[in-house]
Amino acid sequence: MARIDELPPLREVIATHQLSAKKSLGQNFLLDLNLTAKIARQAGDLSGADVLEIGPGPGGLTRGLLAEGARRVLAIEKDERCLPALQEISDAYDGRLQVINGDALEIDPLQYLTPPIKIAANLPYNVGTELLVRWLTPKEWPPFWQSLTLMFQKEVAERIVAQPGSKAYGRLAILAQWRADAKIVLDLPPQAFTPPPKVSSAVVHLTALPEPRFPADAATLSRVVAAGFNQRRKMLRASLKGVAPNIEDHLIAAGIQPTERAEQVSLEQFCALARSIKDA
């Protein structure tokens with residue numbers, strides 16, 4: 001197996017620092033450095049970009065990002081046990097790695113990064129979806145990031161790229177596809193990880209669009225979509241009755257039959273509905 005750098009293999013790093021994965025932190029470690037380098041390549045050319053990584057653990061993907069030429073990597077790691085291993089990577093890569101010990105939900109990474117910025121991460125399962133929604137719903141657009149290259153449980157990845165009419169189609173698909181191009185670029189079996197999770201994983205690559213596909217107020221769209229998909233089996237006139245007065249009029253104005261369910265409605269129609277409600 002080809003080596004990507006002069007540091008020890010990850011199994012050796014984990015044994016040296018006694019880094020057993022913690023279920024409470026949603027940890028599953030990738031040990032194949034050739035695979036982590038392959039994931040890093042899905043983010044495109046890294047040589048002119050700062051990269052934000054969440055939950056690096058023992059640093060498998062971190063090493064991939066640095067070996068693939070990232071200008072700088074900011075890694076936010078909650079688990080203090082991983083810090084010595086990450087420090088060894090920083091030393092080996094001439095300080096191109098900065099590590100912050102803390103909770104990614106509470107840290108503003110823009111204090112430490114210089115554009116252009118890409119985000120690449122094997123996201124901890126317990127915070128992955130929340131982080132994605134935050135990155136997709138800032139008040140200002142374009143966002144601070146150019147692209148997201150993120151690993152999720154395969155079921156979550158499929159929800160991000162889902163199309164109307166499918167069981168996976170819902171809030172994540174609307175929020176992701178409204179402002180970004182999203183595609184699954186890599187599938188990973190459970191045995192690629194230590195410990196192996198019970199489900200397969202997938203890497204999703206999202207590229208930020210210069211502006212949303214259709215005009216809409218972000219807060220209104222989020223509210224409409226959340227209400228619509230919260231009660232998937234109900235007709236929209238019922239699931240959205242608390243969102244705005246005269247909801248049937250707004251639905252018809254957006255080209256949506258009040259008897260339709262949320263999974264039958266396109267992104268363009270949801271945006272039209274959000275505009276109708278906002279302008280009322």
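Figure 1. At 0% relative accessibility, Cys-271 counts as buried, because buried means under 20% relative accessible area. Keep in mind, as you look through these views, that this is a predicted model. Cys-82 is buried too, with a relative accessible area of 0%. If you are wondering about bonds between cysteines, here is a reminder: a disulfide is a covalent bond between the sulfur atoms of two cysteines. How many disulfides does the count come to? The count comes to zero disulfides.

**Figure 2. The open sheet has seven strands.** Follow the strands across the sheet and you will read the order S4-S3-S2-S5-S6-S9-S7, with mixed pairing. Which strands stand at the edges? They are S4 (residues 97-101) and S7, and each has a single partner strand, so one side of each is left without a neighbour in the sheet. On average, neighbouring strands of this sheet are turned by 20 degrees against each other, direction ignored. As a reminder, strands of a sheet pair through backbone hydrogen bonds, either parallel or antiparallel.

**Figure 3. Strand S2 (residues 50-54) is enclosed by the rest of the structure.** Which residues of S2 point which way? Asp-50, Leu-52 and Ile-54 point one way, while Val-51 and Glu-53 point the other way, and all are buried.

**Figure 4. Strand S2 pairs with S3 and with S5.** S2 and S3 (residues 72-77) run parallel and are joined by five bridges. S2 and S5 (residues 117-122) also run parallel, joined by three bridges.

**Figure 5. Helix H3 (residues 60-67) belongs to a β-α-β unit with S2 and S3.** This unit of S2, H3 and S3 is right-handed. Now zoom in on Thr-62, which is found in H3. Is Thr-62 buried or exposed? Thr-62 is buried, with a relative accessible area of 0%. Leaving aside neighbours within four places in sequence, Thr-62 is in contact with Glu-53, Pro-56, Val-73, Leu-86 and Leu-97.

**Figure 6. Strands S7 and S9 pair in the antiparallel sense.** Eight bridges join S7 and S9, and Asp-187 has Ala-202 in S9 as its bridge partner. Helix H6 packs on the sheet here, touching S6 (147-153), S7 and S9, and its direction makes about 135 degrees with that of S6. Helix H7 packs on the sheet as well, touching S7 and S9, with its direction at about 120 degrees to that of S7.

**Figure 7. Helix H7 (residues 171-179) is mostly covered.** Eight of the nine residues of H7 are buried, among them Leu-172, Ile-174 and Trp-178. What covers these buried residues? The cover includes helices H5 (128-136), H6 (154-161), H8 (218-230) and H11 (267-279), along with strands S7 (180-188) and S9 (201-208).

**Figure 8. Helices H5 and H7 pack against each other.** Their axes are 10 Å apart, and the packing angle is about 35 degrees. H5 passes H7 in a left-handed crossing. At the meeting place, Thr-129, Leu-132, Val-133 and Leu-136 of H5 face Arg-171, Leu-172, Leu-175, Ala-176 and Arg-179 of H7.

How values were computed. Residues numbered from 1 in each chain as written. Predicted model: local features only at pLDDT ≥ 70, side-chain atom pairs only at ≥ 80, totals over all residues. Heavy atoms only, no water. Buried < 20%, exposed > 50% of the residue type's maximum accessible area, 1.4 Å probe, protein only. Helix = DSSP H or I, 4+ residues; strand = E, 2+ residues; numbered from the N terminus. Pairing = 2+ DSSP bridges. Right-handed = clockwise from strand over helix to strand, strands pointing away. Contact = heavy atoms within 4.5 Å. Disulfide = S-S within 2.5 Å. Axes fitted to C-alpha atoms, helices over the stretch in contact; angles between N-to-C directions. Left-handed = near helix turned anticlockwise from the far one by under 90°.
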